[in-house]
Amino acid sequence: MKTSQQLSGLRELHGIGDRVAGRLVEHFGSEDAALQAILEGDIASLSEVNGVSHTFALSLARDVRARAEGCAISDFLKTKEALDLYSRLLELIKTFAHTSHARDKLDLFYPFPASRMDLIEERRAFVAEYLELAGILSEDAEFINRLSRVKKLRPVPGNLRVRDRIIISGDRKTLDAARERFQAFLAVQAVEDFSEFVDLARGYSSVIVFDDTYLSFDLPEGLEPELFQDPLKAEFWQILPEVELAFFAKNMDCILACLNITSTLRTSGFDFFEELSDGELEEFKTALLKVGEDGKPIEGLDPELDRLEIALKNLDPVLTSTLNEANQRMNRTLEASSLTLSGQELIKLVSGGMEIKDLIAKELQRVYTCEIEVVKEELSEKLDFQKQEKLMLDSLFSDEISYPLRAEQSQLQLLRQKLNMSLEKTRLSRKRELAKTLSIFRQPVERLVREVLDFDLGFSIACFAAKFRLKMPVIISEGGIGFEAGENLFLKARYGEIDPVSYSVGKTSLSPAGLENRVVLLSGVNSGGKTSLLELLAQCVVLGNMGFPVPAKKLELGPVEEFYYFGKSKGTLDAGAFETTLKQFSVLSEDSGKLVLADELESITEPGASARIIAGILEYLARSEESLGVFVSHLSELILENTGTDIRVDGIEAEGLDSSLELIVNRNPVYNRVARSTPELIVERLLRKTTGKEQEFYAHLKDKFKN
């Protein structure tokens, strides 16, 4: 038995040279991290490395797994056909995986030799934990849909830049520390003097400083830098809440799916991810739903934020419509007005103490002032301005009479800038509040997603078991394999319901008394199911030694150290291929327990020689008290003539023809009986389907089968 080996470096693995090792270290950050990814079987991450294909990544992961467990896939699966059958089984199981993570991880599951029963039992315990749950949830479409939405968490995009914020510093050490942490996402700028500080700061809505070098100066109105004490101690959510929010926005669908999956599992009685309580999960979900798809707080989250956004958006159109209405009113007022002089005004006018234009200007000023007040009230109401914003309206219109009414453009621009600054300040405050709450859950949610992905691995296996009604095998100590109501998975996947089969070889409680032979010849009619039975035996031993449930109502499985499977040959082999095939059987001389399944091995050469060779192979196999063998053959009687070993022959028989003249086949082998020949029944079918001279011909052939 192999022993586990610890890796000390990437170059110890086959296929990894300096170039590939360098790429792995660059991708994962360190050699230890790269080794850990390989050990954990993170096929997806490994495949992202330039020059590492999915196939190579799987090979690396299997190599490391074999070293760690001291057991490789080739220790049990000894022939190409055995490996092919395992691969077909694995592909069938993978159709039940709901995540790419589970599909990749399933590639690392392979059968173990019986000598590693510790690994088999560990796998059985892992799978058993999920079987009952699959019975509850495998048909839950909503749960399955959520599970299929879970993926490896995506990082924040490298091109994310916050362009309305800047870090400014006059201290070189502070500047270097700030650049190290934050420069990937926002501007970090050095300044030499106060004037440069002010000029640079005016171009941004948010200015951050980590030293008070320029804060002792009188700052211009509207310039309010935020002071943080240390770039190394400042929380990331304080400086760049957008990065935190972008992470959750980018992974929103996956995280919400995980939260709902966790709730469903807990409701189903499955203790899952106990790191966070139900209350904490709900708190996290509430905060998460406040993040929009764009990574910003959603509308309706904060009335003040919504008010400022609406005010800024509507400022120009509301101002235009309000001034239009005011000008129309003012025009109507002036058209309908008349100038009435008081006696005092008349005296001043006659005496030269007042001019007519002064009287007109006075009247216009009254109308103008009245309209301006109305305009400011309407703007304040329509834009929902607060006290400070209302005061800003006073400077928006000139005291000098202006007709038509219009806003001072410089003051309008200033108002727009102040509204925008208030909006950005409020928005930043809300982003920080939300990012602070979510940052607490950042690491737990990363662990949660990993646990859900790992859950799908076990759950997918259990869903496969639930679909095909698989059962855990009973492990027995003596050499044998026997089952009741077994169903070939390849046939069942293709056709749905199929005829179940019961069969036993070796020392099991399912073997008939006195017929506990470990080496068996299986005879039978053509298309009777001999190959399907051989496949079923193979499926049971492969799945059983993987620690998985098997396709039988009941199954007893003895120790199998090595599995050899030989499929049907495509015809008589040439000398070289014949020699190669014989070499594969030379391992039978070794003492370790083996299971050998062979399908019509006689086709490798002419029948007479085949019978002698098969007889010799069976004799050698029977010598080992721990080995089992089932050989499908049409040469059973000839093989028995060439061996002195007690070999049982079982038969799958046709019981006759039905009303449609189709063969009636009992798929269950009859123990210790050579099956009747199919050709006799085919001749009988042709006899019954024809008339005249043709029928006479078939009748003559049928007579040849009579003793």
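Begin by selecting D118 and R116, whose side chains meet in a salt bridge with an N to O distance of 2.9 Å; a salt bridge here is a side-chain nitrogen of Lys or Arg within 4 Å of a carboxyl oxygen of Asp or Glu. The model is predicted, so local features need pLDDT of at least 70 and side-chain atom pairs count only at pLDDT 80 or more, while totals for chains, interfaces and linings use all residues. Residues are numbered from 1 along each chain as its sequence is written, and side-chain values use heavy atoms, with hydrogens and water left out.

Colour the pair by accessibility, where buried means under 20% relative accessible area, exposed over 50% and partly exposed in between, with a 1.4 Å probe and protein chains only. R116 is buried at 10%, whereas D118, at 44%, is partly exposed.

Next, select R432 and E226, which form a salt bridge of 2.6 Å, N to O. This pair links distant parts of the chain, since R432 belongs to helix 19 (residues 409–439) and E226 to strand 4 (residues 226–227), 206 residues apart; helices (H or I, at least four residues) and strands (E, at least two) are DSSP runs, numbered from the N terminus. R432 is buried, with 12% relative accessibility, and E226 is partly exposed, with 25%.

Move on to R266 and D278, a salt bridge in which the closest N and O atoms are 2.6 Å apart. R266 is in helix 13 (residues 252–267) and D278 is in helix 14 (residues 278–288), so the pair ties together parts that are 12 residues apart in sequence. D278 is exposed at 53% relative accessible area, while R266 is partly exposed at 22%.

Then select R469, E487, K492 and E497 together, as salt bridges that share partners join these residues into one network. Over the whole structure, a search finds 37 salt bridges.

For the last stop, select strand 8 (residues 519–524): is this strand buried or exposed? Of its 6 residues, 6 are buried, so strand 8 is largely enclosed by the rest of the structure. V519, L521 and S523 lie on one side and V520, L522 and G524 on the other, and both faces are covered.

Finally, show strand 13 (residues 648–652), which runs parallel to strand 8 and is joined to it by 5 bridges, with I652 as the bridge partner of G524.

Definitions and conventions
Two strands pair if DSSP finds at least two bridges between them.
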